[in-house]
Amino acid sequence: MARSFASRTYRAEGVVLRTYKLGEADRIIVLLTREHGQVRAVAKGIRRTSSKFGARLEPFMTVDLQLVSGRTLDVVTQAQTRGAYAQNIASDYSRYTAAAAIAETAERLTDTDGESAGAQYALVIGAFSALSRGLHAAELILDSYLLRALATAGWAPSFTSCARCGAEGPHSAFSAALGGAVCPDCRPPGSASPSPAAMILLGALLSGNWDIADASDDAARRESAGLVAAYVQWHLERAVKSLKHVERV
């Protein structure tokens, strides 16, 4: 016997990662929820001017939702705004491109991993809130998010001791494949040789030491951004497409 409508209804707190059109008036909404991980749902009639959802289901918005479970896609029946980050993010190109890269990464990381959904959700909300308020440079918020999200997924990098043998650092080589900083004995051919300033910045971004991160110079930011992108690509096994649009100093 098919379950009743009421038994298929559930509530969730979620952030909109992506939307795309479905038919003439609907949209599919890709959500990361605190309680249920990644959810793909239909918002019926949302593209009509009379839609009851309005702008509440735009990317980067945080919402309280009521949904109905479906065979392939759930259906959004109610949505109430919790965090209206979209307008401030979308009004600034650097914030918008950083947020797009965050959303793309979060979607990749939570597509099959439901265990860390709550922690990943908190990271995304924190990043979108910081971008919306302009608390730090957008590229620093992005790189900090990327490092923390990968660490939460089980790929925590090391920027001090050797990622392979544990020898105390600091070290002058970096290998994405081995997990970050590597000592001279463990250094594989072709490893990057980042500056001490870049390694210090990477450690600050991972730990959330914003005093150090905000005081970093442009050269260290460019260098660390390249290492973060390489680390993300290695562990996700493909590039985050949105990163190519991010403005770098």
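**Briefing: a barrel of strands and its packed helices**

In strand E2, Thr-33 is the bridge partner of Gly-14. The model is predicted, and that pairing belongs to a closed barrel of 5 strands in the order E1-E2-E3-E5-E4, with mixed pairing. From one strand to the next, the twist averages 45°.

**Strand E1 and its two partners**

- Strand E1 covers residues 9–22 and strand E2 covers residues 26–33; the two run antiparallel and are joined by 8 bridges.
- The hairpin of E1 and E2 has 3 residues between the strands, and within this hairpin Gly-23 takes a positive phi near 65°.
- E1 also runs antiparallel to strand E4 (residues 61–68), to which 7 bridges join it.
- Ala-12 has Leu-65 of E4 standing opposite.

**Strand E5 and its two partners**

- Strands pair through backbone hydrogen bonds, in either a parallel or an antiparallel arrangement.
- E4 and E5 pair in the antiparallel sense, over 8 bridges.
- The bridge partner of Val-63 is Thr-81 in E5.
- A hairpin of 5 residues leads from E4 to E5.
- Strand E3 (residues 37–43) pairs with strand E5 (residues 74–84) in the parallel sense, over 2 bridges.
- Ala-41 has Asp-74 of E5 as its bridge partner, while Val-42 stands opposite Val-75 in E5.

**Helices against the sheet**

- Helix H3 lies across E1, E2 and E3, and its direction is at about 120° to E1.
- Helix H4 (residues 117–133) also packs on the sheet, where it touches E1, E2, E3 and E4.
- The direction of H4 makes about 60° with that of E1.

**Helices H3 and H5**

- Two packed helices are described by the angle between their axes together with the distance between those axes.
- Helix H3 (residues 93–110) packs with helix H5 (residues 138–152) at an angle of about 10°, and their axes are 9 Å apart.
- Angles under 35 degrees count as roughly parallel, and H3 and H5 are therefore roughly parallel to each other.
- On the H3 side, the contact is made by Ser-94, Arg-95, Ala-98, Ala-101, Ile-102, Thr-105, Ala-106 and Leu-109.
- On the H5 side, the residues in contact are Ala-138, Leu-142, Tyr-145, Leu-146, Ala-149 and Leu-150.
- By class, this contact of H3 with H5 has 11 nonpolar, 2 polar and 1 charged residues.

**Helix H8**

- Helix H8 spans residues 218–236; at 1.5 Å a residue, its 19 residues should span 27 Å, which agrees with end C-alpha atoms that are 27 Å apart.
- Among the buried residues of H8 are Ala-220, Ala-225, Leu-227, Val-228, Val-232 and Leu-236.
- Arg-221, Ser-224, Tyr-231 and His-235 of H8 are buried as well.
- The helices against which the buried residues of H8 pack include H3, H5, H6 (196–207) and H7 (210–214).
- These buried residues of H8 also pack against strand E6 (173–175) and strand E7 (180–182).
- Just after H8, Glu-237 takes a positive phi of about 65°.

Notes: Residues are numbered from 1 along each chain as its sequence is written. This is a predicted model: local features need pLDDT of at least 70, side-chain atom pairs count only at pLDDT 80 or more; totals for chains, interfaces and linings use all residues. Side-chain values use heavy atoms; hydrogens and water are left out. Two strands pair if DSSP finds at least two bridges between them. Helices (H or I, at least four residues) and strands (E, at least two) are DSSP runs, numbered from the N terminus. Axes are lines fitted to C-alpha atoms, for helices over the stretch in contact, and angles run from 0 to 180 degrees between N-to-C directions. Angles under 35 degrees count as roughly parallel, over 145 as roughly antiparallel, 65 to 115 as roughly perpendicular and the rest as oblique. Contact means heavy atoms within 4.5 Å. Ala, Val, Leu, Ile, Met, Phe, Trp, Tyr, Cys and Pro count as nonpolar, Asp, Glu, Lys and Arg as charged, and the others, Gly among them, as polar. The expected span of a helix is 1.5 Å times one less than its number of residues. Buried means under 20% relative accessible area, exposed over 50%, partly exposed in between (1.4 Å probe, protein chains only).
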